[in-house]
There are 2 protein chains.
Amino acid sequence: VDVRGAILDAASELFAARGVDAVSLRAIARRAGVSPAMVPYYFGDRSGLHAALLERALGRVRAGLAAAVGGASDGPSAVRGLLRTLGGAIAEAPWIPSLMLTEVLADGGHYRERFRSTYAEHVADIVTTVFRREISGGRFRAGLDPRLTLISLLGLAVMPHLARPVLEPLFGLPYDSSEFLRRLEEHTAQIFLEGVLAREETPR
Amino acid sequence: VDVRGAILDAASELFAARGVDAVSLRAIARRAGVSPAMVPYYFGDRSGLHAALLERALGRVRAGLAAAVGGASDGPSAVRGLLRTLGGAIAEAPWIPSLMLTEVLADGGHYRERFRSTYAEHVADIVTTVFRREISGGRFRAGLDPRLTLISLLGLAVMPHLARPVLEPLFGLPYDSSEFLRRLEEHTAQIFLEGVLAREETPR
């Protein structure tokens, strides 16, 4: 029996259903059908469990991004593939943004270094390579900085999820609706692509 | 003597110089020239001090945004004024993103409700009003959702600062350089405005 995997599956399901803060390690063990002592045995403390969850989920995202970008015929397809991969991962594991906040972005985040070395560097390489190619090929605007452009795409794609605790009640947005998430993804793709694609300067 | 204000000034300066997590309440009291007991007296716990810092800083940002947007002659000027106000606030109080993470966005954030009621609702009103006007006037693309467009601008403008702990070492970005911050602001303005401005469809 894969006890470690069962605990991760249980944590993922409970976090998705109830939110990270509302789920005890004891409840996770119960759902996994293992002794409560197995959680600290495999993961140390709660941060260790969070790090392992992020590691597994982001490993899949990274593979998905590489496939989506590698299989894209042009820059816009690569961007749309990237957004679809990211959106799919968050729909499946809606706790990713919350754990990113506490374990990567917040001071003292336990997964920050590992996130950078096993994930961020790799993804940044994949995406900035596409952007450089599109800029030098004249399809993205000349003069765009590939790294700042990646940061812009990151902000457009991820911020709606990081700021969900404020935005959902503020605007009454239906984050649990897959139709809304598709609309948000399409909006994001349009803003970004209109923002970077080269074109004749003919504003109305 | 304004003891409360002196403590807030001291905290703001120390947080800016050393980072939020590296500064003790005792060090703040010492710098403010007050007894250590004054900090809990005025602010309760550390979260209370953080909330008061955010309240003061964001009050200034909100006033600055209202002035910048109200004084702008068109949509692009309003967007540039908004970005300049936000960038100026973060340059002056570089701890804002870190406190936003822990006190607003993270689960259990103590300032979340107050942020929404005293700040987010007001700013959202100001900015979506401009966007609605620009869309109905045909200067921003038809079909843009004003609220999703605000979220996009927020992501473009704020994410580079929220993700600084990852991005700064990853790309070696000089966040302490005002020249870099100006370049980032100009990049952000361009991506967003190219992304929203209506134009003849003539991609190269």
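**Tyrosine rings and the chain contact**

A:Tyr42 has a relative accessible area of 34%, so A:Tyr42 is partly exposed; buried would be under 20%, exposed over 50%, and partly exposed is in between (1.4 Å probe, protein chains only). A:Tyr41, at 63%, counts as exposed.

A word on sources: this is a predicted model, where local features need pLDDT of at least 70 and side-chain atom pairs pLDDT 80 or more, while totals for chains, interfaces and linings use all residues. Residues are numbered from 1 along each chain as its sequence is written, chains are lettered from A and ligands numbered from 1 in the order in which they are written, and side-chain values use heavy atoms, leaving out hydrogens and water.

Over all chains there are 12 aromatic pairs, meaning rings of Phe, Tyr and Trp (its six-membered ring) with centres within 6.5 Å; planes under 30 degrees apart are stacked, over 60 edge-to-face, the rest tilted. How are the rings of A:Tyr41 and A:Tyr42 placed? Their centres are 5.0 Å apart and their planes at 90°, so this pair is edge-to-face. In chain B, the rings of B:Tyr41 and B:Tyr42 are also edge-to-face, because their centres lie 5.1 Å apart with planes at 90°.

Now the chains. In contact (heavy atoms within 4.5 Å) are 57 residues of chain B and 56 of chain A. Between these chains there are 2 salt bridges, each a side-chain nitrogen of Lys or Arg within 4 Å of a carboxyl oxygen of Asp or Glu. A:Arg183 and B:Asp145 form a salt bridge at 3.1 Å, N to O.
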